[in-house]
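Open the model in your viewer and keep the selection tool ready. This tour says what to select at each stop.

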Amino acid sequence: MLQSSKRSLINEEAAERSELNVPMKVSPGQAFPLGASEMENGINFAIFSQHATAVMLCLSLPGRRLDSAAVELTLDPQMNRTGDIWHIFVEDLPRHGVLYGYRIDGPREWKQGHRFDSSVVLIDPYAKLVEGRRFFGDSKDKMSKFLGTYDFTSLPFDWGENYKFPSIPEKDLVIYEMNVRSFTADESSGLDPDIRGSYLGVIEKIPHLLELGINAVELLPVFEFDELEFQRRPNPRDHMINTWGYSTINFFAPMSRYASSGGGSIAASREFKEMVKALHAAGIEVILDVVYNHTNEADDKNPYTTSFRGIDNKVYYMVDFNNNGQLLNFSGCGNTLNCNHPVVMELILGSLRHWVTEYHVDGFRFDLASVLCRGMDGSPLNAPPIIKAIAKDATLSRCKIIAEPWDCGGLYLVGKFPNWDKWAEWNGKYRDDIRRFIKGDQGMKGSFATCVAGSSDLYKVNKRKPYHSVNFVIAHDGFTLNDLVSYNIKHNEANGEGGKDGSNDNLSWNCGFEGETTDANVKALRSRQMKNFHMALMISQGIPMMLMGDEYGHTRYGNNNSYGHDTAINHFQWRLLGSGRSNQFRFFSEMIKFRQKHSVFRKENFLSENDVTWHEDNWDNYESKFLAFTLHDNLGGDIYMAFNAHDYFLRAIIPSPPQKRRWFRVVDTNLESPDDFVPEGVPGIERTYNIAPYSSILLEAKP
């Protein structure tokens with residue numbers, strides 16, 4: 001034990017297991033900053049635990065295995081504790097390559113919310129890097145331990161003299177939701193095997209993103225996670241690999257197995273920065289999908305203790321003290337992070353700032369963000385402290401901040417998310433209403449019009465703007481766009497849960513045949529419908545978001561919950577870009593670029609009567625599935641659009657163009673490529689236009 005505040009020589013009882021030939025020099029150290037920090041002549045370690053009674057720092061020096069014998073330094077609560085922070089300074093430790101963790105003990109009263117277990121070596125929540133297995137999905141190493149590490153020897157990353165953030169206005173964003181690994185893991189990527197599925201692989205495919213026309217990527221979780229967590233014990237999912245990554249181990253460390261060539265955590269940190277730098281140089285912003293609603297540590301029935309649970313479960317998680325201290329579960333994943341506890345709040349804020357200052361990311365999308373709106377007992381809060389703190393933070397308030405405004409406990413806050421006029425939202429109502437109208441449901445015309453006009457029913461309040469609605473038809477969770485028009489029901493047999501997982505309510509339509517088909521008529525209808533969905537998305541006020549792979553019609557064969565498949569089900573199929581699917585890519589790309597060239601789709605404020613004319617005098621006709629309208633441009637470059645979701649042709653009356661202008665047909669989704677999208681437009685539009693079943697048109701007024 002430590003006996004004085006002066007630096008002293010300590011010869012631990014475990015000296016015979018020590019990796020050093022000489023005793024370690026230690027002293028009490030300091031409480032801040034939390035984590036491992038470099039000080040003169042050594043490293044300071046500090047960790048929070050309010051309820052711990054014993055803390056031991058475990059060190060494994062360079063060259064040792066994660067599970068090899070370690071130096072264990074016991075912290076004296078009289079000398080090494082300041083308030084609820086335990087701390088110790090270790091002199092002459094290497095500046096990198098050291099693995100470290102903690103053994104922590106405390107009260108064993110389960111009903112009081114405690115889950116202490118001193119036999120487990122725990123990851124420091126403030127570790128900036130985490131080491132585990134080196135290769136993604138390496139089942140030979142599925143029981144790998146994870147420990148924190150640090151790097152104080154590498155030179156600061158060179159962002160370049162002319163480096164700058166893209167700083168794209170929210171109204172101009174077009175977001176591409178993608179998974180780092182799945183983007184280039186497939187052999188068809190043509191990349192060297194060492195960089196497939198890595199941060200560097202993303203860099204190689206930036207030309208594709210530029211050709212598509214998007215200007216922001218939203219990366220599925222890139223915080224360290226254990227992709228083999230399902231394989232640690234026999235269970236119905238033990239054949240699966242967590243590919244999506246919604247199972248965070250640590251909130252500061254980039255996913256180490258996204259480094260090239262099994263390079264580990266330090267390489268992952270550097271290569272992540274190289275990816276961000278390259279994307280920024282291409283004018284593409286980087287938004288991270290972040291998971292602060294739960295962690296990887298699961299539930300009380302099958303816990304996977306790696307960090308927070310063993311450090312101070314009662315603080316880090318919501319606990320139901322009216323039910324024998326069981327973990328509350330508003331995340332659907334067995335535990336719920338106690339986000340509005342002051343200590344957890346500071347952890348979240350510190351993590352977010354770290355990703356902005358260290359990695360230069362441009363924004364965040366918060367998974368199941370309604371969890372962050374719950375108090376420590378799980379009850380909803382009108383003004384959640386963490387939500388306000390993010391909106392008002394000097395660093396974070398400059399970022400794009402997007403909520404997924406619901407959770408698995410039924411707290412659905414679409415249009416009502418506490419926002420401080422800063423938070424945007426994934427607009428789930430937009431997704432549902434657009435799906436229903438395009439597939440031909442009755443009574444949806446008014447809702448469809450409201451959606452494409454910016455969802456003013458939800459967001460026209462206080463100082464909110466159209467761009468506080470992130471519009472999407474498809475996201476990672478659910479059907480792909482191809483599957484939305486190819487399947488009436490989910491087909492999740494491969495997931496091993498007897499079809500019980502995944503949503504049963506997909507608002508999909510298979511266009512007359514379930515699944516893959518050679519029927520030319522069905523395939524043509526599906527192609528039209530995908531183009532209709534994409535056009536509706538790109539002409540809507542607000543921020544459009546599309547899913548990786550939809551640009552060529554990626555299929556998961558009806559699986560609407562594909563999180564556990566590190567296969568072609570999720571992997572981008574690059575060869576399809578060069579097949580017949582290239583016509584779809586062309587349409588998608590041209591539609592995105594057309595949006596970017598025309599400000600009428602990207603209004604700063606909600607549409608006024610001067611901005612739009614609805615060619616409709618019968619809004620209440622429940623059976624009507626046709627809508628036409630014109631967006632007006634101050635310079636006369638009006639845009640006319642019409643959507644026909646009927647199963648028959650409809651002759652639309654075309655309004656007169658502005659003075660000295662005439663209509664040019666840019667889009668008719670019923671036509672074959674390249675006539676379905678003609679950027680310069682086709683003249684000769686008459687007073688009427690015969691619009692095909694399940695199709696849409698776009699006309700531009702030009703001199």
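Select helices H8 and H12: H8 passes H12 in a right-handed crossing (the near helix is turned clockwise from the far one by less than a right angle). Helices here are DSSP runs of H or I, at least four residues, numbered from the N terminus. This is a predicted model, where local features need pLDDT of at least 70 and side-chain atom pairs count only at 80 or more, while totals for chains, interfaces and linings use all residues. Residues are numbered from 1 along each chain as its sequence is written, and side-chain values use heavy atoms, without hydrogens and water.

H8 spans residues 428–438, and its axis lies 11 Å from that of H12, at an angle of about 140°. Axes are lines fitted to C-alpha atoms over the stretch in contact, with angles from 0 to 180 degrees between N-to-C directions.

Now show the contact (heavy atoms within 4.5 Å). H8 brings Tyr430, Ile434, Arg435 and Ile438. From H12 come Gln529, Asn532, Phe533, Ala536 and Leu537.

Next, pick Phe45, Tyr176, Phe364 and Leu698. They are among the residues that touch the most other members of the largest nonpolar core, which has 166 residues. Such a core joins buried Ala, Val, Leu, Ile, Met, Phe, Trp, Tyr and Cys through side-chain atoms within 4.5 Å; buried means under 20% relative accessible area (1.4 Å probe, protein chains only). H12, residues 520–539, gives the most to this core, with 9 residues.

Finally, colour by pLDDT, the predictor's confidence from 0 to 100. The chain's mean is 95. Over residues 1–22 the value is below 50.

Notes. Buried means under 20% relative accessible area, exposed over 50%, partly exposed in between (1.4 Å probe, protein chains only). Helices (H or I, at least four residues) and strands (E, at least two) are DSSP runs, numbered from the N terminus.
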